[in-house]
Each structure stands twice: as structure tokens, then as C-alpha cells.
Amino acid sequence: MSSSRMLLYFTSRATTLLMETGSSFQQLGMQQTLEPPRQQLSGYGKCSTTSSDPGKDPGKAAGCSGGSGIGKGPVSMVCSTPCGNPYAGLVSHLRASWLSGKTRPMEYRVAQLEALGRFLDDKKQEILEATELDMGKPSFEAFFSEILLCKNELNVTLNNLCQWMKDEYVDKNLVMQLDSAFIRKDPYGVVLIIAPWNYPIHLFLVPLIGAIAAGNCVIIKPSEISKNTERLVAETLSCYLDNDCFAVVTGGVPETTRLLENKFDYIFFTGSPPVGRIIMTAAAKHLTPVTLELGGKNPCYVSDTCDVTNVARRVAWGRFFNAGQTCIAPDYLLCTIEMQEKLMPALREAITEFFGPNPRESPDFGRIVNDKHFQRLRALLCSGRVAIGGQTDEAERYIAPTVLADVLPSDPIMQEEVFGPILPIVVIANMDEAIDFINARPQPLAVYAFSCDSKIVNQVLERTSSGGFCGNDTLMHVALPSLPFGGIGNSGLGKYHGKFTFDTFSHPRGCLHRTMGLETLNTPRYPPYTQQKMGLFTTTFEVKRRGTCTLL
């Protein structure tokens, strides 16, 4: 098969997969219904300011209003080339801005990052209201996940950016002692960030912080499933950032499909594994590197030696936070039949403590994002037996905090990521069986283990593989910007948070700058070759092994 026919085949196959997995875009935050792509989109965020760089003016954001389409700026949205791609003009404009070197100075990066801080401060109330409208997210949870953690990432970046940007000097051999050898942290160029609906601010803003810090231009694609938050981002973010370098694109499957036809220098995607494969296929056409933050079924092993009350509270909080719509939530418990019997009253007590006797009336418990997800989750309640909860209300898209006992590995709830307020318990005989159960399945985004015996926790850590690990708690490992967050295998590719986000969006460029003089040092490498030259060459270039090291 010729290369042109192969390219045509893979492009056609990617389009077919995209249509076949429309439901998978729910995780990504895209509508399944296909509509003709928009050929021309008007500008977002027409600000009541004449400033060419809103990111440098803290007082210019108040007069923003929004329309529909892409970030404000003098950008033609209609491609004049035969491809007819509606986003080619935008990508070209951002690439020209990046090639101008505008985003490279540290002062520019700091100004844009500080503008993001003002966005979070100015729009705090609107963010809380939008996430409440989208999925009934409690204000406490929204503030913690969408604002506080983002501000932490932002401040860590601002506090350390000067150090992160510095060239990293490396060891040299004898010949190059008078030369300069270093790693330059180069920006990739124009990057695309595709965010999901479940944490609609956090999951676009944290990657955006690192992309800006690394000196890139960025196109942001928020999820239209969380439509109120999408509207807020589209209508206001452009009033804070430089519109020549940053833009917001809205839309569903057709718009994203057309957007992915363009060449980006990096793509950062958060969503489901099926859609992650589609993103990777589109990126492969241009050999574009990607970070895929996906999901999976995160196991939680509870040993017989633990504080049952503490386990129940920490597991219940992690499972029912954001009504269970969290990619790193504990997806199922693994424990002995004896521990299951002990956990049931403790979990019931924890749920009552958190949400009262009727969680439906609690202001601290959210709702399912849309009808499709509600129907999917309600169908999973047939697995095992309902031990706690199980009540539903379709009109409110309410599913009570639910615990399912005696779940079998073959039950429907064990065939997919739950992504809702349902906690199945699978009974195992011991820790070894639990580890075998985990390892027989795709690598998850997180593994959790509870035990008063640290040796048991360490055994689970050492004998399993996952994107992240947390012992004796749930979710909290992602609250540390000093830890990398990301998946492995089916749960993702790449990592971010803190400096790891900066590194993700930076190309480590190996550089050697040699002196023009001292040519005598180079003579041994030039022909004609002799044994004497080989001896000198070996002496000056050879790396000798030092003594062995021991892990303490």
C-alpha cells in the first residue's frame, strides 16, 4: 500500500472511530449529536478596553461581554487555503505570534500568569455559580478543586519560574572542560488543551499554567457538557490573556474533529481511553507529542488490620466527592468478607455524618452532569446487592451515595469506570488475591491501600503498577504540586502538576557551545587515524564506572 493510500486509510479510520465513539466524548465533555461545523466564528470577550495586552492590566476585565466562537483578536477564522479548515487561520495567527518570540521573555510569562490569578479572583463567584448550575457542585468542593488548587499551582509556578527557566548545565568530559554544555528549556510552540466537564476549570487551567510558564501559545477547548462553565470561560478568559497568543474554541465533536486536523506542536487531553486513542491517532498524522490524562477503575484494598471508622470516612469522602465524578476516585473496594461486614455500618455512619439522613436534601452532595450519564449509572445498580443508598430521581439527576455488596468481577459495574456515587465491594480472601486481582486488569490511574501495618501498604505499592498511589487516604496525593500526576498504560501517558507541568510543555534542548580556539584538542579525532590518536581519544572521552551503589 502506498504512503498516500495509507494516510487516506488512517484518516478515514480515525473519522469513523470518532463517529462510533460519540458517547465516549461525554467523558471528554463533548456532545454526541453531530452538527455541521461552523465555517466562521465571531470573537469572544469584546472588552471595554483599548489595551492590546489585557494580561498586563488588572483593571480591564470588568467590561467583558461574550458572543460565540473563538478568542477575541484580529484573526480571520475562515481558511483561505483549499483545505477550508475553519481553524487554520487561528492556528496560523498563534504560530506567527509564537515565532515572533513574544512569549519567551520571563516578564511576559509572569504577566500572563498573574492575569490568570486575577481571573480566578475576579470570577470566583461566577465559577462557583456555574459549576453549581452544571452539576450541583457544592461551593466548598468547587472552591477547593476549581479555585484553591489552581491558585496553589499558579503560586508554585510564579515562585519558581525564574529557576525553572534557567539553563541546566551538565557534566563534561576532559576535552570539553572549557566549553559550555547545557539543557535549554524551549517551548514547543502552539499547543492544544482539551478539557473535560467534571472539573471544568481545574482541568484546563492547571495545564494552561504550565503551558504559559513554558512560553507556548495555547488554544483551549473547554467541554460543552458543562455548558455554564464553558460559557463563562469563553466569554471572560480572553479579557485577561493576550489574544494574539491564547484563544478559546467552543463546540462539540465536529468542531473538535476539524480543530484536530491542524498541526499543533503539543496536545494535552483529559478524558476517556477510547477518545484518547482518537486524539493520539489525530496527533500521529503530524507526529505531534501528546499527554493523555485518562481514567480507569481505581482499586482500593482494605486490609483486616485497619481503623475501620477512619477508612470508611476517607473512602466515602473520596468516592462521593463531586458526586463520584472524579477520575481518581476509588472505583471499587477489595476486602475480606469479614471486613465487608465491619465496613457496612461504618460507611453508613460516614454517609449520614457527611450528608444527613437524606442526602438528596444536603447542600453538600452534587448531581449527575446529564441524563445520559444518569441512565448509565442507574443501570449499574443491578450489580451485587444494594447495601446502602440506591435511591434515584431522574428529574434531579440524583443518585444517592450507594454501596453495593457482594459484587462479582463479572457484574456490569466491574466492566467500566463507575464515574458516579456508587461504590462496589468485591470480596477477596487475602492481600495476595487482591494484588493478583489488580494486576490482572489494565493499569489504573490510582491504587489505594489501607492498613495499620505499613508493610502491607508497601507490599501493595511494590507489587502493583498505577499512575499514582495513596496509602491510608484517597484523592489527597493530587493536592501536592510536588508530586507528578498522570496515568500509565490504559490510564494515560505523561504527567503534570507543579514543575512537571512546566517540563511537559518544555522541550529539553541539548546544547553545546564550543570555543573557536584550542584546535589542538580536536586533532586526535581527525584522519588520518593512528593508534596514538586512539589512545588520546579514549583517555579524553572515556567514562569509567565508579563503585556500586546500595539502596538504603
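This is a predicted model: local features need pLDDT of at least 70, side-chain atom pairs count only at pLDDT 80 or more; totals for chains, interfaces and linings use all residues.
Residues are numbered from 1 along each chain as its sequence is written, and side-chain values use heavy atoms, with hydrogens and water left out.

**Cysteines**

- Buried means under 20% relative accessible area, exposed means over 50%, and partly exposed is in between (1.4 Å probe, protein chains only).
- Cys306 is buried at 16% relative accessibility, whereas Cys452 is exposed at 60%.

**Salt bridges**

- As background, side chains of opposite charge can pair when their charged atoms come close.
- Asp186 and Arg509 meet in one of them, at 2.9 Å from N to O.
- Asp186 is in strand β4 (residues 180–187) and Arg509 in strand β20 (residues 506–513), so this pair ties together parts 323 residues apart in sequence.
- Within that pair, Asp186 is buried at 8% relative accessibility, while Arg509 is partly exposed at 46%.
- Lys221 and Glu224 form another salt bridge, at 3.5 Å from N to O.
- Are Lys221 and Glu224 buried or exposed? Lys221 is buried, with a relative accessible area of 1%, and Glu224 is buried too, at 7%.
- Asp393 and Arg360 also pair up, with 2.1 Å from N to O.
- Asp393 belongs to strand β13 (residues 392–393) and Arg360 to the loop between α12 (337–355) and α13 (371–380), so the bridge ties together parts 33 residues apart in sequence.
- Asp393 counts as buried at 15% relative accessibility, and Arg360 as partly exposed at 35%.
- Arg360 and Asp393 are also members of a salt-bridge network that takes in Arg367 and Glu396.

- Strands are DSSP runs (E, at least two residues), as are helices (H or I, at least four), and both are numbered from the N terminus.
- Two strands pair if DSSP finds at least two bridges between them.
- An open sheet of three strands runs in the order β3-β4-β20, with antiparallel pairing.
- Which are the edge strands? They are β3 (168–169) and β20, each of which pairs on one side only.
- β3 and β4 share two bridges in the antiparallel sense, and Glu168 has Ile183 in β4 as its bridge partner.

**A nonpolar patch**

- Patches are built from residues with over 30% relative accessible area and no salt bridge, joining like charges within 9 Å and nonpolar side chains (Val, Leu, Ile, Met, Phe, Trp, Tyr) within 5 Å.
- Leu178, Leu518 and Leu521 make a nonpolar surface patch of about 310 Å², with areas from the Shrake-Rupley method and a 1.4 Å probe.
- Leu178 sits in the loop between β3 and β4 and is exposed at 65% relative accessibility.

Conventions
A salt bridge is a side-chain nitrogen of Lys or Arg within 4 Å of a carboxyl oxygen of Asp or Glu.
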